[in-house]
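Subject: Structure for you to look at, with notes

Dear colleague,

I am passing on the structure that we spoke about, together with my notes on it. Please read the notes with the structure open beside them.

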Amino acid sequence: MPNIVLFSGSSHQDLSQRVAERLGLELGKVVTKKFSNQETSVEIGESVRGEDVYIIQSGCGEINDNLMELLIMINACKIASSSRVTAVIPCFPYARQDKKDKSRAPISAKLVANMLSVAGADHIITMDLHASQIQGFFDIPVDNLYAEPAVLQWIKENILEWRNCIIVSPDAGGAKRISITQSWLGLFINVYG
């Protein structure tokens with residue numbers, strides 16, 4: 001049975017460290033740097049041959065740099081003969097571009113799905129996708145986890161007057177996502193936009 005090797009991209013190393021501690025693992029050795037022309041360079045610092053590799057990299061912050069770094073890390077592990085590579089992407093990049101809403105507009109979420117597959121990812125774990133249809137863009141397994149149970153717990157434990165709160169959504173799409181939260185908490189939803 002392969003061992004688990006957990007790597008962190010540079011997007012959110014604190015999150016990766018917390019996940020590693022929770023799992024009782026140490027983060028794998030990886031060196032990322034930029035060349036003078038801003039190309040990303042990744043060097044995996046340990047053997048991953050036959051291992052089950054997990055790479056944590058979020059699609060936030062410097063989205064394009066983080067995505068490219070993730071693709072290179074996946075490919076580096078794959079060509080180093082890892083058994084399986086799972087990309088853990090808490091915030092999926094380009095998820096809001098999940099449909100063709102204008103003439104000549106790309107479906108960028110599908111492009112990202114294709115790039116992850118071509119790079120060598122065997123499995124994707126993400127959270128709260130902008131639209132569930134994004135899972136259908138992949139030919140590999142995708143687990144879309146939901147933060148709602150943790151958010152509900154946090155609200156109840158950290159907001160003393162949570163029964164008197166109003167959850168506000170910036171748009172109709174967000175209102176759909178928080179409607180379940182509202183029903184669990186019995187709160188009013190207000191939509192602006």
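Predicted model: local features only at pLDDT ≥ 70, side-chain atom pairs only at ≥ 80, totals over all residues.

Residues are numbered from 1 along each chain as its sequence is written, and side-chain values use heavy atoms, with hydrogens and water left out.

**The chain as a whole**

The protein chain holds five helices and nine strands, where helices (H or I, at least four residues) and strands (E, at least two) are DSSP runs numbered from the N terminus. Their order from the N terminus is β-α-β-β-β-α-β-α-β-β-α-β-α-β, and the C-alpha trace spans about 55 × 50 × 35 Å along its principal axes. Of the 193 residues in the protein chain, 39% are buried; buried means under 20% relative accessible area, exposed over 50%, and partly exposed in between, with a 1.4 Å probe and protein chains only. Contact means heavy atoms within 4.5 Å, and among contacts between residues at least 6 apart in sequence, 54% join residues at least 24 apart.

An unreviewed UniProt entry places the feature "domain: Ribose-phosphate pyrophosphokinase N-terminal" at residues 4-120; UniProt positions are given in the numbering used here, the feature names are shortened, and annotations may be inferred rather than shown by experiment. Over residues 4-120 the chain is 34% helix and 22% strand, with its end C-alpha atoms 17 Å apart.

**The nonpolar core**

A nonpolar core is a set of buried Ala, Val, Leu, Ile, Met, Phe, Trp, Tyr and Cys residues joined through side-chain atoms within 4.5 Å. The largest one has 32 residues, of which Phe7, Ile55, Ile74, Phe92, Leu116, Ile124 and Phe138 touch the most other members. At least two residues of this core come from each of strand S1 (4-8), strand S3 (40-44), strand S4 (52-56), helix H2 (63-79), strand S5 (84-89) and helix H3 (108-119), and H2 gives the most, with seven residues. In soluble globular proteins, nonpolar side chains tend to be buried together.

Not counting residues up to four places away in sequence, Phe92 touches Ala109, Val112, Ala113, Leu116, Thr126, Leu129, Ile134 and Phe138. Ala109 lies in helix H3 and counts as buried because its relative accessibility is 0%. Neighbours within four places aside, Ala109 is in contact with Phe92, Tyr94, Ala95, Gln97, Asp98, Ile134 and Phe137.

**Residues in loops**

Ser58 sits in the loop between S4 and H2 and is buried, since its relative accessible area is 7%. Leaving aside neighbours within four places in sequence, Ser58 is in contact with Ser11, Asn66, Pro90 and Cys91.

Most residues other than glycine have a negative phi. Ser81, which is not a glycine, has a positive phi of about 70°; Ser81 is in the loop between H2 and S5 and is partly exposed, with a relative accessible area of 32%. Tyr94 also has a positive phi, near 65°, and is found in the loop between S5 and H3, where Tyr94 is partly exposed, with a relative accessible area of 28%.

With best wishes
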